[in-house]
Amino acid sequence: MSEVMNQAPLLEVRNLRKLFQAKSSFFAKEKTFIKAVDDVSFTLMPQETLGVVGESGCGKSTMGRSVLRLIQPTSGEIFYKGQDFMKANGNELRKMRADMQIIFQDPYASLNPRMTIGEVITEPLNIQKRYASKEEAREQVLKVMEVVGLNPKYYNRYPHEFSGGQRQRIGIARAIVLKPSLVVCDEPVSALDVSIQSQVLNLLRQLQSSMGMAYIFISHNLSVIKHISDRVMVMYLGHVVEMGEKKDLFDNPSHPYTQALLSAIPMPERHSTRKKIILQGDLPSPANPPSGCIFHTRCFMAQDICSTQTPELKDLGNGHMCACHFCGQCKKDQ
């Protein structure tokens with residue numbers, strides 16, 4: 001990993017924002033906007049896995065799709081291999097997108113039920129015109145099916161004929177058939193049985209090793225994040241509250257929200273030394289986020305300054321970033 005970190009970043013995201021206009025009543029005087037992603041910045045190195053974690057509704061999936069411009073960001077900068085991805089359009093955008101793929105959460109809803117899996121996996125090749133003949137395309141598809149553990153005999157079968165784990169392998173095959181350098185994995189194992197989750201995770205790691213891909217791995221499961229990630233980014237209400245190397249973040253969580261998330265990881269009582277931190281209240285509305293620190297309404301360490309001043313994302317050393325007025329001081333009994 002040290003050799004990889006000496007290379008130029010594969011992806012640079014700066015001050016990314018995505019706002020959605022909320023439905024308003026007839027009598028509303030002003031438009032209301034939902035801040036799904038607010039001022040998110042990070043880098044991703046070649047062959048690195050950045051785990052993104054947080055509660056449902058924190059903006060993880062919106063961030064991932066905005067990075068690929070499947071959802072057009074409201075503002076911010078995205079540089080991919082040094083190129084300004086936000087300014088790309090037309091053929092240039094199509095060519096850049098060939099190197100940036102996504103694996104969706106729902107392995108059935110993401111597949112067209114009217115297409116055979118051979119047609120599903122061939123579609124990216126059709127869009128990018130990556131073959132000289134139909135025979136060549138078929139050979140590429142059969143090869144990638146074998147790589148992800150699908151029997152080539154299934155080429156003419158339809159998605160409804162497969163299990164959830166097999167469908168997700170189809171989704172993975174579609175994502176890697178163009179041999180991308182970046183794959184956004186949007187909770188790719190959350191809809192699968194636990195035994196199948198481990199198979200898919202191991203497959204993703206094998207593919208990363210053999211193909212040299214980088215992952216943005218989005219999940220709400222911290223055990224999965226710990227297993228597959230190199231670095232971890234914690235999001236809350238559209239903001240990055242903590243980010244750092246996996247071991248550093250899991251061993252020394254500095255933000256109270258990260259501590260609360262880690263305390264919720266199920267562990268056998270005889271091995272558990274960390275006390276559970278129960279957050280009070282509900283997740284605030286992204287249409288009307290709290291002033292100051294966005295987490296102060298639920299934070300067990302909140303003080304007067306937290307409700308008036310927004311904390312900066314500070315570097316605590318070794319790339320460990322934390323957005324808290326009391327980073328490193330706010331350790332609850334663990």
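Visitor: How many cavities of 30 Å³ or more does the count come to?
Guide: The count comes to one cavity of 30 Å³ or more, a cavity being a set of points, on a 1 Å grid over the protein atoms alone, where a 1.4 Å probe fits but cannot get out. This is a predicted model, in which local features need pLDDT of at least 70 and side-chain atom pairs count only at pLDDT 80 or more, while totals for chains, interfaces and linings use all residues. Residues are numbered from 1 along each chain as its sequence is written, and side-chain values use heavy atoms, with hydrogens and water left out.

Visitor: What makes up the lining of the largest cavity, by class?
Guide: The largest cavity holds about 70 Å³ of space, a volume being the space filled by probe spheres set on grid points joined across faces, edges and corners. Its lining, whose residues have an atom within 4 Å of a point, includes Cys-293, Phe-295, His-296 and Phe-326. The lining divides into 10 nonpolar, two polar and no charged residues, where Ala, Val, Leu, Ile, Met, Phe, Trp, Tyr, Cys and Pro count as nonpolar, Asp, Glu, Lys and Arg as charged, and the others, Gly among them, as polar.

Visitor: Which residues lie nearest the centre of the largest pocket?
Guide: A pocket is an open set of points with protein on both sides within 12 Å along at least five of seven lines, and the largest has a volume of about 400 Å³. Of its 17 lining residues, Leu-70, Arg-97, Met-100, Gln-101 and Ile-127 lie nearest the centre. Helix H4 gives the most to this lining, with five residues, helices (H or I, at least four residues) and strands (E, at least two) being DSSP runs numbered from the N terminus.

Visitor: Why are H4 and H5 called roughly perpendicular to each other?
Guide: H4 and H5 (residues 134-147) pack at an angle of about 110° with their axes 10 Å apart, the axes being lines fitted to C-alpha atoms over the stretch in contact, and angles running from 0 to 180 degrees between N-to-C directions. Angles of 65 to 115 degrees count as roughly perpendicular, and H4 and H5 are therefore described in that way.

Visitor: What makes the contact between H4 and H5?
Guide: Contact means heavy atoms within 4.5 Å, and the residues that make it include Ile-117, Ile-121 and Leu-125 of H4 together with Val-141 and Val-144 of H5. By class, the contact divides into seven nonpolar, three polar and no charged residues.

Methods: Angles under 35 degrees count as roughly parallel, over 145 as roughly antiparallel, 65 to 115 as roughly perpendicular and the rest as oblique.
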